Amino acid sequence: MCAAFPESFRFGLGDSDLQVIGERHTLEHEASEPTMWLRFAEARGAEADTTLAGVDRYHLWEADLDLLAELGIRHFRTSASVARVVRRDGTPNERAIEWYRTFLGGLRSRGIRTYVTLYHWELPQFLQDRGGWANRDTVDFLARHAAVVCEHLGDLIDEYFTINEPWCAAFLGHYRGVHAPGERSLAGALAAGHHLLLASAAMAEEVWSRRPDAKLGPVFSTMPCYALTSSEQDVRAAHIADA
C-alpha cells in the first residue's frame, strides 16, 4: 500500500536546540542561562537524560549540515533557545546570536529551507525559579525573545513555529511530572497551558510587527478523546480531556 502525497507536501527533518547542542558548551562559551531541564535532570539522576552532552551540535554543526546536504534534505526544523538568545535583563546574548547566524547561514548556503521554533522547552531556570509557566511574567519574557530572534536572525529564517507541543509542556511537565519542571499540580498545569497559549500569540505579534508576511504558527500534538461510556459524566470528562 502506497500513500499519495501532494506535490506541495514538505518532507524534512527536525530537532530542538536543547536536544542536540550540549548545554555545557553554551554555558561555558556563551555564559548562557542554565535551563530548567538541566535542573530537572540533575534532580532525577539516572532516571533522566542530562542536557549537558547532546551530540555537541555547538562544535560539530558544520559536519551535521554537510550530512543533511548529503542526504538531500531540503527542509529542516530547529529551535532558537530562549536560555541562550536573551539575557536576564532582556538584552541579546551577542555570542549566542553570532553562533546562530553562522549555523543558520550554513543551512541557507546549502539550499536548506529553515524553520525555527521560538520555544521548544528551553525555559531558563531563573524563570522557573520565579514560577515558570505558572507565572504570567514568563509570557512577556518570551515575547521579548521572539523580538530578539526576529531582529537579529530573521533574515536567515524561512518560517517560524511559536511553541512546540504546549500540551506536553503544560501537562507532562506540571501535572504528570515526567517532563521538566517535574511538578504534579493540575492547577499549575492549567495555568501553564493558559500562559503557553498567551505566549504563542504574543510571540506571533512580535514577529508580525517586524515581518508582516512571516509564516508562523504553533505545533500541536493532538489525539482523539472518547468517552468510556455514554454516561453524562464520561461524556463531559472526554470533552474536558479533549480541550
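Helices, in the numbering used for these views, are DSSP runs of H or I with at least four residues, counted from the N terminus. The model shown is predicted.

**View 1. Leucine 104 in helix 6.** Leucine 104 lies in helix 6, which spans residues 94-109. Its relative accessibility is 2%, so leucine 104 counts as buried, the limit being under 20%. Which residues does leucine 104 touch, not counting residues up to four places away in sequence? They are Thr114, Val116, Leu153, Leu156 and Ile157. The C-alpha atoms of leucine 104 and isoleucine 157 are separated by 7.5 Å, although the two residues are 53 residues apart along the chain.

View 2. The strands form an open sheet in the order 1-2-3-4-5, and the pairing is parallel. Strand 1 (13-14) and strand 5 are the edge strands, each pairing on one side only. Two bridges connect strand 1 with strand 2, and these strands run parallel. Within this pair, leucine 13 is placed opposite phenylalanine 76 of strand 2.

**View 3. Strand 3 and its two neighbours.** Strand 3 covers residues 113-119; six of its seven residues are buried, so strand 3 is largely enclosed by the rest of the structure. Toward strand 2 (residues 75-79), strand 3 is joined by five bridges, and the two run parallel. Serine 79 stands opposite threonine 117 of strand 3. How many bridges join strand 3 to strand 4 (residues 159-164)? There are four, again with the strands running parallel. Tyrosine 119 faces isoleucine 163 of strand 4 as its opposite residue, and valine 116 has tyrosine 160 of strand 4 as its bridge partner.

View 4. Strand 4 is linked to strand 5 (residues 216-219) by three bridges, and the two strands run parallel. Tyrosine 160, the bridge partner of valine 116, also stands opposite leucine 216 in strand 5. Strand 5 is an edge strand and pairs on one side only.

**View 5. The buried side of helix 3.** Helix 3 spans residues 36-44, and its buried residues are Met36, Trp37, Leu38, Phe40 and Ala41. Against which elements do the buried residues of helix 3 pack? The partners are helix 1 (17-20), helix 2 (23-30), strand 3 and helix 7 (125-129).

**View 6. Packing of helix 9 against helix 10.** Two packed helices are described by the angle between their axes and the distance between the axes. For helix 9 (residues 166-174) and helix 10 (residues 186-210), the angle is about 160° and the axes are 8 Å apart. Angles over 145 degrees count as roughly antiparallel, and the two helices therefore fall in that class. The crossing of helix 9 past helix 10 is right-handed. Helix 9 contributes Pro166, Ala169, Ala170, Phe171 and His174 to the contact, while helix 10 contributes Leu186, Gly188, Ala189, Leu190, Ala192, Gly193, Leu196 and Leu197. By type, the residues of this contact divide into 10 nonpolar, three polar and no charged.

Technical notes
Residues numbered from 1 in each chain as written. Predicted model: local features only at pLDDT ≥ 70, side-chain atom pairs only at ≥ 80, totals over all residues. Heavy atoms only, no water. Buried < 20%, exposed > 50% of the residue type's maximum accessible area, 1.4 Å probe, protein only. Pairing = 2+ DSSP bridges. Axes fitted to C-alpha atoms, helices over the stretch in contact; angles between N-to-C directions. Parallel < 35°, antiparallel > 145°, perpendicular 65-115°, else oblique. Left-handed = near helix turned anticlockwise from the far one by under 90°. Contact = heavy atoms within 4.5 Å. Nonpolar A, V, L, I, M, F, W, Y, C, P; charged D, E, K, R; others polar.
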